[in-house]
Amino acid sequence: MKTITYSLFLLVLLTFSSCKTSFTEDDRNKLVDLQKQMSQQGFEFEADVVIPFNTQALNNVANDLLIRTGNNVSRIDVQGDHYSLKIAEQESEFALPFYGERRMSGGYGTDTGFNFIADIKNIKSSINEKKGYLSYEFTTRNDAETLDVELQIYQPNNVRLSINSSHRTFMKYEGRLKWLEVEEE
């Protein structure tokens, strides 16, 4: 019995130790270079997929509308629709759709998506070596709400954007980065 218990323990230990990601020094250097470039040059996040926060109300409405397009309420394909977030210097330009619930009123006749230009504050950039991505976070505000934004950059073509709004449900997007052209004087 001891042999079986010991063998089982050893098997479980080997299984968990083999699941560790292989984040190399080369991967770290690529993210450090990307971090430097982001601090020096403007960039644009282009959304390919929208991942709304699922609530029962959203499920009831959205599944009926989305089922005809091949999408579902958990993953909406927006590739080619030109939804983006541009960041240059200390300013952000949002042009992103919103699928979810508004928790506090924003007034009637207002735009339902994230469509505004605003200054950004509290920029933080750090490398998460355990999960293998570069985190780029900031806070911004439009006329009615405050947004906490995080870009998780695994590679320039594999980026996750999370937006936590003070007035709406949480939203996630998946897409890629593009560098903005540097204007020569």
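Student: What lies over the face of F98, and at what distance from the ring centre?

Tutor: A charge sits over a ring when NZ of Lys or CZ of Arg is within 6 Å of the ring centre and within 35 degrees of the ring normal. Here R168 lies over the face of F98, at 4.9 Å from the ring centre. The charged end of R168 also sits over the ring of F114, 4.4 Å from its centre. Before we go on: this is a predicted model, in which local features need pLDDT of at least 70 and side-chain atom pairs count only at pLDDT 80 or more, while totals for chains, interfaces and linings use all residues. Residues are numbered from 1 along each chain as its sequence is written, and side-chain values use heavy atoms, with hydrogens and water left out.

Student: Which residues touch the most other members of the largest nonpolar core?

Tutor: A nonpolar core is a set of buried Ala, Val, Leu, Ile, Met, Phe, Trp, Tyr and Cys residues joined through side-chain atoms within 4.5 Å. Buried means under 20% relative accessible area, exposed over 50%, and partly exposed in between, using a 1.4 Å probe and protein chains only. In this model the largest core has 31 residues, and F94, F114 and Y173 touch the most other members.

Student: What is F94 in contact with, leaving aside its neighbours within four places in sequence?

Tutor: Contact means heavy atoms within 4.5 Å. On that basis, the partners of F94 include S84, F114, F138 and I163.

Student: Let's follow S84. Where is S84 placed?

Tutor: Helices (H or I, at least four residues) and strands (E, at least two) are DSSP runs, numbered from the N terminus. S84 falls in strand β3, residues 84-88. S84 is buried, at a relative accessible area of 7%.

Student: Which side chain does S84 join through a polar contact?

Tutor: A polar contact is a pair of N or O atoms within 3.5 Å; within protein, one must be able to donate a hydrogen and the other to accept it, and residues adjacent in sequence count only if both atoms are side-chain atoms. For S84, the partner is the side chain of E44, at 3.2 Å.

Student: How many aromatic pairs does the structure hold?

Tutor: Rings of Phe, Tyr and Trp (its six-membered ring) pair if their centres lie within 6.5 Å; planes under 30 degrees apart count as stacked, over 60 as edge-to-face and the rest as tilted. The structure holds six such pairs. One of them, F43 with W179, is edge-to-face, at 6.2 Å centre to centre and 75 degrees between the planes. That pair links distant parts of the chain, 136 residues apart, with F43 in strand β1 (residues 43-52) and W179 in strand β9 (residues 171-179). F43 is buried at 1% relative accessibility, whereas W179 is partly exposed at 26%.

Student: Why is the pair of Y133 and Y154 tilted?

Tutor: Its ring centres are 5.2 Å apart and its planes are at 55 degrees, so the pair is tilted. Y133 lies in strand β6 (residues 133-141) and Y154 in strand β7 (residues 146-155), so the pair ties together parts 21 residues apart in sequence.

Student: And backbone angles: what is the phi of E89?

Tutor: Most residues other than glycine have a negative phi. E89 has a positive phi of about 55 degrees, although it is not a glycine. E89 is in the loop between β3 and β4 (91-96), and counts as exposed at 74% relative accessibility. N122 also has a positive phi, near 55 degrees; N122 is placed in strand β5 (residues 114-128).
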